[in-house]
Structures are given as C-alpha cells and as structure tokens.
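Let's walk through this one with a few questions and answers. Take a look at the structure first.

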Amino acid sequence: MTPTFDRMTFCIHTFGCQMNKHDSERIAGMLEGLGASMVETIEEADIVVFMTCCVREAADVRLYGQVASLKNVPLRAGTPLSKRIVAVGGCIGQRDGEKLTEQLPHLDVVFGTHNLGSLPGLLSAAVADGAHHVEVLESSADFPTTLPTAREHSWAAWLPITVGCDNFCSYCIVPYVRGREKSRTLEDIAEEARGYVEAGVREITLLGQNVNSYGRDLYGEPRFVDVLDAVDATGIERLRFATSHPKDLTDEVIARFGTLRSLMPALHLPAQSGSDRILAAMNRRYTREHYLGLIAKLREACPGIALSTDIIVGFPGETEEDFLQTLSLVEEVGYSQVFTFIYSKREGTPAAKLVDDTPREVIQERFDRLVEAVQRCAYEANQAELGKVVDVLVEGVSKRDGTMLAGKSPKNQTVHAPLPEGRSVDELVGAVVPVRVDEARTWYLAGTVADGGVTRP
Ligand code: SAH
Ligand code: SF4
Ligand code: F3S
C-alpha cells in the first residue's frame with residue numbers, strides 16, 4: 001500500500017556534501033508527492049529527517065547531541081500525530097544502522113545511502129506502530145534517479161552522474177558509506193538535463209565523488225567528456241561539475257574549458273597536499289608535478305580560469321617540510337578559493353592505523369598559516385576582476401543587506417550589487433544581470449548593474 005502523509009509536516013536537516021543535499025531534495029520530492037508539507041523548523045515539523053555526514057569527526061559528534069535535544073521540543077498544535085517521528089539517514093545512518101537506535105532510544109527510523117526510496121514506507125510504519133524501523137542496505141541495484149525531486153532553487157539543478165567512490169584515499173570514509181562507483185547511462189543523464197532546460201533551469205552542476213572516472217563501470221572506459229558534450233547540447237546556459245580527481249582529469253576534458261559554450265571557467269580540483277610523500281601516503285596516486293602540469297594545461301586552455309581546491313593539514317606523519325610544500329603549492333597555483341581541513345581520524349580507514357603524533361598546537365599553527373595564505377590568494381584573485389563586467393546569476397539578496405542583490409559570476413565568485421531602481425528581487429531571482437565590478441574583497445565582489453540593465457528575464 002502506498003503510504004500517505006496528508007496533513008503532516010516535515011523538515012530535513014542536511015549536513016555534508018552536495019550528494020546529501022541532492023538526496024534531501026529527492027526525499028522532499030517524495031514526501032511532498034505523498035501529501036506532506038515541508039516546513040523550516042523542528043518546532044513546526046511532525047517528521048524530522050537528519051541527512052548526516054561522517055567525513056570528519058565534528059559533524060558526527062554534533063548529530064548525537066542534536067537528535068538527543070529533540071526530546072524536549074513539543075509537538076505543534078494541530079498535528080495528526082501523537083509523537084514526533086525522527087529519522088536519521090545519509091552517511092551516519094549507513095555506517096551505524098541499528099547502533100543509532102540503541103544510543104538514541106527515541107529515534108524512530110534509520111536508513112542509509114542506498115535506500116532513499118524506502119523512507120516513506122519506514123516512516124509510515126513508525127507512525128503506525130511506534131516502533132523502531134531500521135533499514136540499511138549493502139548496495140543498491142539501480143541508479144537511484146527514478147525518485148522525484150523538489151529542487152531548492154528553480155534556476156539551478158544538481159544532476160548526479162555517478163554515486164559511490166572507488167578511490168579509497170587513505171583518510172576517507174566515503175567509499176565505505178557510499179559504496180562502489182556506479183554510473184548512470186548517458187541517455188538517462190541527457191534526458192534529465194533536457195527536462196531541466198525545458199523547466200527553465202539556467203545552471204546544471206554534474207555531481208559525483210570523481211566525475212572524471214564516469215562510465216568506467218558501464219562502458220569499460222571513462223566517458224566524462226561525452227557527458228559534458230551531451231549536457232551542453234541540451235542548450236543549458238551554465239554547466240559546472242564536482243568533484244574532479246586529478247589522477248583522472250584528461251586532456252580532452254581540459255580542452256572543453258576553452259571550447260564548450262556552457263562550461264563555466266571554474267574548476268574545483270582537490271590537491272589535498274603539496275608533498276609527494278604525503279600524497280603517496282594518502283593514496284592519491286598523482287604527484288605534485290603532475291598536479292601542477294594539469295594547472296598549466298587548464299590555464300592554457302582557459303586563461304583566467306578560477307581554480308579552487310581542498311587541502312588537509314596534519315595528515316599522520318606530516319612534517320614541517322611537507323607542510324611547506326603544501327603552502328608553496330597554494331601560492332604557486334593562486335587559488336580563488338581553498339577549503340581547508342584539519343585531518344580527522346576515521347575508524348576503518350587505512351590512515352587510522354598510522355602513527356599520528358604531531359602535537360595539536362603544531363597542526364593548528366600550520367592550519368592558521370595556510371588560512372592566511374589562502375585569504376591572500378583569494379583577495380588577489382578577486383582584485384583581478386576590478387573594472388570588469390561579469391554576468392551574475394541572481395540567487396537572492398545579500399544576507400547582510402536586503403537591498404543588495406547577491407549572485408554568482410561565471411567563475412563562481414559571490415557578487416553583490418544594489419537592486420536596480422524599479423526592479424523587485426523576486427523578478428530578478430534566477431535572471432542573469434551584468435555587473436560592473438568596482439570593489440573586490442577576499443570573499444566577494446561588489447559593483448553596480450551595468451548599462452543596459454537586465455539582459456534576460
Ligand atoms: N570526492 C570528493 C569529496 C570528498 S569529501 C573529493 O575527492 O574531493 C571532501 C573533502 O573532505 C575532501 O576533499 C578532503 O579534503 C576532506 N576530507 C575527507 N576525509 C577527511 C578526513 N578524514 N579528515 C579531514 N578532511 C577530510
Ligand atoms: Fe574520498 Fe578520495 Fe573518494 Fe574523494 S576520491 S570521496 S577523497 S576516497
Ligand atoms: Fe559526508 Fe557522506 Fe558526503 S560522509 S561528505 S555526506 S558522501
């Protein structure tokens with residue numbers, strides 16, 4: 001029997017990466033399709049779903065506290081339920097399964113990363129009998145894309161092309177909680193992209209833990225470049241993708257940055273470290289030299305391309321010399337943006353067995369030096385935009401000032417500009433407006449909507 005959630009409300013708290021955010025959109029789509037209404041807060045929600053992340057320890061610890069604190073939140077007036085239903089899914093659900101309900105007795109439902117589609121059935125069983133319902137699968141038979149999606153933004157869509165990861169970087173839990181890499185067929189991807197274009201979506205971001213190895217499981221060879229071409233051919237205005245593993249980024253894909261109409265001039269290429277010794281211990285399977293070679297080719301194919309990366313500080317055994325190699329890599333590349341992480345030991349990964357005796361203060365001090373370099377690079381990259389006119393895809397208003405439009409440039413920089421006279425924010429959200437940049441800060445650009453105003457509604 002199909003479960004129904006008439007008159008019920010739900011909220012989803014999402015942690016972690018875009019995969020989780022996308023999965024949350026699918027859950028929202030499913031529950032709305034079955035009659036429930038989405039609300040923003042736990043107070044208003046009859047059903048609370050946590051989509052969890054365990055890539056680093058901090059998020060892990062926080063979840064347990066958050067679920068525990070729900071006990072004290074009263075139900076809303078008018079709820080059809082006698083008790084709030086609490087569900088945990090995503091990567092902690094996958095990893096901990098039954099253990100979660102042992103530690104959090106008022107948790108009702110646990111599901112994993114391979115069975116999003118089971119959630120409505122599990123929730124409705126919990127509503128009916130008040131018991132725990134836990135379902136975690138080892139892997140999924142099909143690519144999970146037949147589920148509906150309630151997209152967060154009307155103008156942008158995430159489009160998963162692979163799920164899972166086969167890379168087993170030595171520090172990383174993802175392959176254990178997301179399973180082996182699985183690709184979707186090219187036809188299926190193109191069809192979903194066409195649907196988005198018809199629905200007025202302006203920007204598609206292709207998703208995968210390593211999009212560059214797309215197709216290996218289906219076609220016997222990576223065919224990511226074919227995905228780029230097929231999605232571009234749908235007429236989408238802006239195309240992006242995440243994430244790229246440097247060992248699999250091909251010359252063909254690099255060349256597309258110069259030639260493919262819709263491909264935006266920005267690439268996230270996680271380096272993790274600048275030291276060959278640490279890269280080997282991380283099982284990243286490329287060298288600093290190879291990485292820098294890719295950067296040179298990217299800049300040749302697409303001068304001015306904005307590069308971003310992820311860096312881990314304090315991997316077991318990292319010496320000052322290793323760290324200096326990382327620092328010099330960051331400075332040499334001149335990234336627009338760097339996501340910096342302190343190494344976090346994850347049980348079950350190979351790196352968890354390594355001797356990890358660098359003092360905390362030493363790691364923190366390295367981290368601070370890295371952040372200082374990163375901010376300098378970001379500031380310099382933004383300075384280079386002064387005086388240019390950039391096409392901004394409007395996302396809404398600035399968090400700090402409701403009269404300022406906020407959006408993203410092709411290079412994915414945040415851009416602010418005063419709302420042009422006679423225009424409302426609502427009519428501009430999802431539009432592309434040209435902005436002349438007259439201020440460049442570390443984290444954003446600011447300017448004014450250029451002559452001619454809004455080019456496209
Ligand atoms: N598949 C993507 C994303 C992986 S998770 C990729 O390969 O880039 C996002 C980032 O989290 C990673 O790039 C890495 O920098 C960081 N990360 C993963 N495991 C970590 C750990 N155990 N400690 C600290 N940072 C970690
Ligand atoms: Fe983790 Fe490496 Fe896979 Fe990225 S490529 S998800 S860092 S194992
Ligand atoms: Fe976190 Fe899972 Fe993504 S562990 S980073 S939510 S794949």
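Q: In β19, which residue is the bridge partner of Val435?
A: Keep in mind that this is a predicted model. β18 covers residues 432-440, and five bridges join it to β19, residues 445-449, with the two running antiparallel. These two strands form a hairpin with four residues between them. In β19, the bridge partner of Val435 is Val449.

Q: In what order do the five strands of the barrel come?
A: β18 pairs with β15 and is also joined to β19. Another pair is β16 (residues 404-408) with β17 (residues 414-418), antiparallel over five bridges, where Met404 has Pro418 as its partner. The five strands close into a barrel with mixed pairing, and the order is β15-β16-β17-β19-β18.

Q: What does the twist in that barrel average from one strand to the next?
A: The barrel is made of five strands, β15, β16, β17, β19 and β18. Going from one strand to the next, the twist averages 55°.

Q: Which strands stand at the edges of the open sheet, each with a single partner strand?
A: This sheet has three strands with parallel pairing, in the order β7-β10-β11. The two at the edges have one partner strand each, so one side of each is left without a neighbour in the sheet. Those edge strands are β7 (156-160) and β11 (238-242).

Q: In β11, what is the bridge partner of Thr205?
A: β10 runs from residue 203 to 207, and five bridges join it to β11 in parallel. On average, neighbouring strands of this sheet are turned by 20° against each other, direction ignored. For Thr205, the partner in β11 is Arg240.

Q: At about what angle to β7 does helix α7 run?
A: α7 is made of residues 186-198 and lies across β7 and β10. Relative to β7, the helix runs at about 170°.

Q: Is the crossing of α10 and α12 left-handed or right-handed?
A: α10 (residues 251-259) and α12 (residues 288-301) pack at an angle of about 30°, with axes 7 Å apart. Asp251, Ile254, Ala255, Phe257 and Gly258 in α10 meet Leu294, Lys297, Leu298 and Ala301 in α12. By class, that contact has six nonpolar, one polar and two charged residues. As for the hand of the crossing, it's right-handed.

Q: From which domains does the shell around ligand 3 draw at least three residues each?
A: Residues around ligand 3 include Cys17, Asn20 and Cys91, along with Val174, Arg178 and Gln209. By class, this shell has six nonpolar, four polar and one charged. The domains that each give at least three residues are domain 1 and domain 2.

Q: How many nonpolar residues does the shell around ligand 2 have?
A: Ligand 2 is surrounded by residues including Cys165, Phe168, Cys169, Tyr171 and Cys172, with His245 and Arg284 also among them. Three residues of this shell are polar and one is charged, while the nonpolar ones number seven.

Technical notes. Residues are numbered from 1 along each chain as its sequence is written. Chains are lettered from A and ligands numbered from 1 in the order in which they are written. This is a predicted model: local features need pLDDT of at least 70, side-chain atom pairs count only at pLDDT 80 or more; totals for chains, interfaces and linings use all residues. Side-chain values use heavy atoms; hydrogens and water are left out. Axes are lines fitted to C-alpha atoms, for helices over the stretch in contact, and angles run from 0 to 180 degrees between N-to-C directions. A crossing is left-handed if the near helix is turned anticlockwise from the far one by less than a right angle, and right-handed if clockwise. Contact means heavy atoms within 4.5 Å. Ala, Val, Leu, Ile, Met, Phe, Trp, Tyr, Cys and Pro count as nonpolar, Asp, Glu, Lys and Arg as charged, and the others, Gly among them, as polar. Two strands pair if DSSP finds at least two bridges between them. A residue is near a molecule or strand if one of its heavy atoms lies within 4 Å of it. Domain bounds come from an automatic or database domain assignment.
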